[in-house]
Amino acid sequence: MLSVRRADGLLIAIIVLLGLNLRPILAAIGPLLDEIQQATGLGNAGAGLLTTLPVFAMGLCALAGARLQGTLGERRGVCLGVGVVAAACALRGVLESGTGLVFTAALGGLGIALVQALLPSFIKRRFPHRIGLLMGLYTTAIMGGAALAASSASPLAAWFGWSPLLALWAVPAFIAALLWWWSAGSQPEEEARTGARLPLRSPRAWLLMVFFGIGTGAYTLVLAWLPPFFTALGWSAADSGLLLGGLTLTEVLAGLLVSAFVGAFPDRRIPLLGVLSMLLTGLACLMLAPESLAIPAMLLLGLGIGALFPLSLIVTMDHVGDPNSAGALMGFVQGGGYIIASGMPLLAGLIRERTADLTQAWGVMAIGVVVLLAMALRLSPDIRLEMASEEPLMNTGRG
């Protein structure tokens, strides 16, 4: 029994390590954006693409999650995904042009999408009675990686230069790929899987997808443009990076709180309404008095975004009862949702080009949060989705 517990503990630790590597390729950009723009000549719209393209790629790849689950398998697919993330980071050490950064951003997004499409179904199958806890830890690790990357970007770039710093994140991603391949190889996999179709005809699935997309839009917007917003107000790159790092650390705290207490709320609408209210208040702080209310805004945005992300995924998982259906629904919700969310950084970049200010971008996001508050009222815990199945797909992911 002890060896089984140790094996489970090690596997959980590796899942956390995987999550830690899914955001540094995005989060390290914001605090260094002014320096990168000066070195590469990227405009504000092009800078927005550094976040928009990977998130869009994540969405496209996630839509194929159910098919990938049957053709690659969870073990190979996740290993390939985090390996692609490592390669994209490493290439940033040699591709220092604006075009190179945009290319590696899109490549990294594809790798992230593979992991995010396949790992939740593995968690649901391997830990069926701890799905809320494990999804909370996994999503918290994602935000923890963003916090580490954002807060360390400016100080480390002063030592190594911005391009070697971005490439440095290849090391932990490569280690995560090796450990996952070794650990997941000892886990039993089904001989065959029945692929569940994307729920294109389900209004409830579309509701979940739009809900996830708008909420994730707040995350991508803040990740890409919060540091440049404050550097334009006269803050240093290091201070603006620390502000984003503090915000993402608050997201980590929120994710841990979700993991600890989500089981006490079978009706997820209760915590959803609370965290959306905090998110809306944080955006109001940015619009009304960003300098004097920077710390309250950081805390409110961090708590709101940090809790909303895992809650959105947990609500999605609540709608299905088996791993294959979970993979299909999660792929649809994340795929379409990330495509929606990818528009926010680009829209903010276009707004900044026209107005030299991002206040209007925060206002657009605030309207989106009001829409989410109305949508959250419809997320009753009593509704389950029936997922249509395809022919059995042979699993080629055994190791």
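**Legends for the close-up views**

**Figure 1.** A361, W362, G363, M365, A366, G368, V369, L372, L373, M375 and A376 are the buried residues of helix α17. This is a predicted model, in which local features need pLDDT of at least 70 and side-chain atom pairs count only at pLDDT 80 or more, while totals for chains, interfaces and linings use all residues. Residues are numbered from 1 along each chain as its sequence is written, and side-chain values use heavy atoms, with hydrogens and water left out. A residue is called buried under 20% relative accessible area, exposed over 50%, and partly exposed in between (1.4 Å probe, protein chains only). Helices (H or I, at least four residues) and strands (E, at least two) are DSSP runs, numbered from the N terminus. Helix α17 covers residues 359-376 and has 18 residues. From its first C-alpha to its last, α17 reaches 26 Å, close to the 26 Å expected at 1.5 Å a residue; the expected span is 1.5 Å times one less than the number of residues. The buried residues of α17 pack against α11 (203-231), α13, α14 and α16 (343-355), a contact being heavy atoms within 4.5 Å.

**Figure 2.** The structure holds nine aromatic pairs. The rings of F122 and W180 form an edge-to-face pair, because their centres are 5.1 Å apart and their planes stand at 75 degrees. This pair links distant parts of the chain, with F122 in helix α7 (residues 98-126) and W180 in helix α10, 58 residues apart. F122 counts as buried at 3% relative accessibility, and W180 counts as buried at 0%. F229 and W362 also form an edge-to-face pair, with 5.4 Å from centre to centre and 85 degrees between the planes. F229 lies in helix α11 and W362 in helix α17, so this pair ties together parts that are 133 residues apart in sequence. F229 is buried, with a relative accessible area of 4%, and W362 is buried as well, with 0%. A pair of aromatic rings is described by the distance of the centres and the angle of the planes. Rings of Phe, Tyr and Trp (its six-membered ring) pair if their centres lie within 6.5 Å; planes under 30 degrees apart count as stacked, over 60 as edge-to-face and the rest as tilted.

**Figure 3.** F212, Y219, F309 and Y338 are linked into a cluster by ring pairs. For the setting of this view, the protein chain has 17 helices and two strands. Of the 399 residues in the protein chain, 60% are buried. Among contacts in the protein chain with a separation of 6 or more, 86% are accounted for by residues 24 or more positions apart.

**Figure 4.** R268 forms a salt bridge with D318, and R269 forms one with D267. A salt bridge is a side-chain nitrogen of Lys or Arg within 4 Å of a carboxyl oxygen of Asp or Glu, and by this rule the count comes to two. In the pair of R269 and D267, the closest N and O atoms are 2.9 Å apart. Both partners are partly exposed: R269 has a relative accessible area of 23%, and D267 has 22%. In the pair of R268 and D318, the closest N and O atoms are 2.6 Å apart. R268 lies in the loop between α12 (237-261) and α13 (269-288) and D318 in helix α14 (residues 294-318), so the pair ties together parts that are 50 residues apart in sequence. R268 counts as buried at 14% relative accessibility, whereas D318 is partly exposed, with a relative accessible area of 26%.

**Figure 5.** L10, W159, F160, L168, V171, I175, L179 and W182 make a nonpolar surface patch of about 860 Å². The elements that give two or more residues to this patch are α8 (131-160) and α10 (170-184). Four residues, the largest share, come from α10. W159 is found in helix α8 and is exposed, with a relative accessible area of 70%. Patches are made of residues with over 30% relative accessible area and no salt bridge; like charges are joined within 9 Å, and nonpolar side chains (Val, Leu, Ile, Met, Phe, Trp, Tyr) within 5 Å. The protein chain exposes about 14,900 Å², of which carbon and sulfur atoms supply 68%. Accessible areas come from the Shrake-Rupley method with a 1.4 Å probe, and for residues only the protein chains shown count as cover.
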